[in-house]
Amino acid sequence: MAPGVRLVQKVSSTRAFAKVAPHVVPAMDRAVHRLTRGKVLLSSRMLPGLILTVPGARSGQLRTTPLACMPEKGTEQSWILVGSNFGRTGHPAWTANLLAGPDKAVVNWQGRDVPVHATLLAGEEREEVWRAALKFWPPYATYQARVEREIRLFRLRERGDAAP
């Protein structure tokens with residue numbers, strides 16, 4: 001574990017972090033990502049991260065969101081996204097966008113744009129991935145305990161030239 005990760009995990013589990021982080025972390029990530037032409041994502045110093053671009057569910061306008069991700073073992077073509085919303089009550093907007101356009105999403109992963117297909121996980125598959133997510137980033141348990149909704153989990157898989 002990288003130095004300071006336990007401290008960041010503790011801080012990220014607080015309600016104060018949930019109020020401030022959604023306004024600060026994505027803005028910093030977007031700016032640094034843009035300035036470095038996709039080479040650097042600040043938050044990825046703690047967790048792997050990607051930039052998700054998907055049309056808005058209602059507007060159809062492209063929405064770009066920096067997100068922590070859990071790359072699936074043994075592949076550079078599959079990622080898990082956790083719709084924790086920093087432990088706030090509502091689902092993050094990007095989850096509705098993926099539900100509305102699962103084959104319209106593109107991720108920027110380590111400076112490379114990758115068209116993906118998004119699948120909302122459910123049932124046993126979701127439970128298995130949730131357990132892995134808790135090992136990966138324990139504060140997700142605090143986020144889930146804080147909200148009544150079930151945190152959405154998505155698997156994004158590279159789709160190549162055509163959607164699956």
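## Arg126 and its partners

In this predicted model, Arg126 has a relative accessibility of 4% and therefore counts as buried, the cut-off being under 20%. Its side chain meets that of Glu127 in a salt bridge, with an N to O distance of 3.6 Å. Glu127 counts as partly exposed, at 34% relative accessibility.

Arg126 also forms a salt bridge with Glu150, where the closest N and O atoms are 3.5 Å apart. Because Glu150 lies in the loop between helix H5 (139-146) and S7, and Arg126 in helix H4 (residues 123-136), this pair ties together parts that are 24 residues apart in sequence.

Arg155 counts as buried, at 9% relative accessibility. Through shared partners, salt bridges join Glu72, Glu125 and Arg155 into one network.

Helix H3 (residues 93-100) has Trp94, Thr95, Asn97 and Leu98 buried. Seen down the axis of H3, the buried residues fall within an arc of 160 degrees, so they line one face of the helix. Their cover includes strands S1 (49-55), S5 (105-109) and S7 (152-158).

The largest nonpolar core has 17 residues, and Leu50, Trp79, Leu98 and Leu156 are among those with the most contacts inside it. S1, S4, H3, S5, S6 and S7 each supply at least two residues of this core. A second, separate core of 13 residues includes Ala133, Tyr140, Tyr143 and Leu153.

Note on methods:
Residues are numbered from 1 along each chain as its sequence is written. This is a predicted model: local features need pLDDT of at least 70, side-chain atom pairs count only at pLDDT 80 or more; totals for chains, interfaces and linings use all residues. Side-chain values use heavy atoms; hydrogens and water are left out. Buried means under 20% relative accessible area, exposed over 50%, partly exposed in between (1.4 Å probe, protein chains only). Helices (H or I, at least four residues) and strands (E, at least two) are DSSP runs, numbered from the N terminus. The arc is that of the directions from the helix axis to the C-beta atoms. Contact means heavy atoms within 4.5 Å. A nonpolar core is a set of buried Ala, Val, Leu, Ile, Met, Phe, Trp, Tyr and Cys residues joined through side-chain atoms within 4.5 Å. A salt bridge is a side-chain nitrogen of Lys or Arg within 4 Å of a carboxyl oxygen of Asp or Glu.
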